[in-house]
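Please walk through this model with me, one part at a time. Keep the sequence and the 3D view side by side.

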Amino acid sequence: MLKKVFLAGAVTLLLAGAATTAQPTPAQACHSGCWKAAKAKYSHDWKARRHYRHWCRAHWKAHKKAHKHAS
């Protein structure tokens, strides 16, 4: 009986750990592109996600353009 309780507890912890690591934090998602960063930051608001994605792309293009001419 005690083995089954420990086994059930271990399985529950394993599944809980897998569920919590499946979603990236906004800080982690920033390194994986504008779409993923917007999805992580505004997961339930598609309008805010769209505006953030466009803002991110504009800044990325400006960054690339500035560094292209600097080299």
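Start with a rule for aromatic rings: two rings of Phe, Tyr or Trp pair if their centres lie within 6.5 Å. For Trp, the six-membered ring is the one that counts. Planes under 30 degrees apart are called stacked, those over 60 edge-to-face, and the rest tilted. By this rule, the structure has two aromatic pairs. Keep in mind that this is a predicted model.

Take the pair of Tyr42 and Tyr52. Their ring centres are 5.8 Å apart and the planes meet at 65°, so this pair is edge-to-face. It joins distant parts of the chain. Tyr42 sits in the loop between α3 and α4, while Tyr52 belongs to helix α4, 10 residues apart. Are these two tyrosines buried or exposed? Tyr42 is partly exposed, at a relative accessible area of 28%. Tyr52 has 15% relative accessibility and therefore counts as buried, since the cut-off is under 20%.

Tyr52 also takes part in the other pair. The rings of Tyr52 and Trp55 have centres 5.6 Å apart and planes at 35°, so the pair is tilted. Both residues lie in helix α4, three residues apart, which is about one turn of the helix. Trp55 is partly exposed, with a relative accessible area of 47%. Put together, ring pairs link Tyr42, Tyr52 and Trp55 into a cluster.

Now step back to the whole chain. How many helices and strands does the protein chain have? There are four helices and zero strands. Along the sequence the pattern reads α-α-α-α. The chain has 71 residues, and 11% of them count as buried.

How far can each part be trusted? The mean pLDDT of the protein chain is 78. A value of 70 or more is reached by 73% of the residues. Confidence is highest in helix α3, residues 34-41, with a mean of 89. It is lowest in helix α2, residues 26-29, with a mean of 55. Where pLDDT is low, the predicted coordinates should not be read in detail.

Which residues of α3 are buried? They are Cys34, Ala37 and Ala38. These three cover an arc of only 100° around the axis, so they sit on the same side of α3. Ala38 has 0% relative accessibility and counts as buried. Cys34 is buried too, with a relative accessible area of 16%.

Ala38 and Arg49 are 11 residues apart in sequence, but 5.1 Å apart in space, C-alpha to C-alpha. Cys34 and Arg50 are 16 residues apart in sequence and 9.9 Å apart in space, again C-alpha to C-alpha. Helix α4 covers residues 46-70.

Finish at the start of the chain. Which residues make the nonpolar surface patch of about 380 Å²? Met1, Leu2 and Val5 make it. Met1 lies in the segment before α1, and α1 runs over residues 2-21. Met1 is exposed, with a relative accessible area of 80%, where over 50% is the cut-off.

To recap, Tyr42, Tyr52 and Trp55 form a cluster through ring pairs. Cys34, Ala37 and Ala38 are the buried residues in α3.

How values were computed. Residues numbered from 1 in each chain as written. Predicted model: local features only at pLDDT ≥ 70, side-chain atom pairs only at ≥ 80, totals over all residues. Heavy atoms only, no water. Helix = DSSP H or I, 4+ residues; strand = E, 2+ residues; numbered from the N terminus. Buried < 20%, exposed > 50% of the residue type's maximum accessible area, 1.4 Å probe, protein only. pLDDT = per-residue confidence, 0-100. Patch = residues over 30% accessible without salt bridge, like charges linked within 9 Å, V, L, I, M, F, W, Y side chains within 5 Å. Areas by Shrake-Rupley, 256 points an atom, 1.4 Å probe, with all protein chains shown as cover. Salt bridge = Lys/Arg side-chain N within 4 Å of Asp/Glu carboxyl O. Arc of directions from axis to C-beta.
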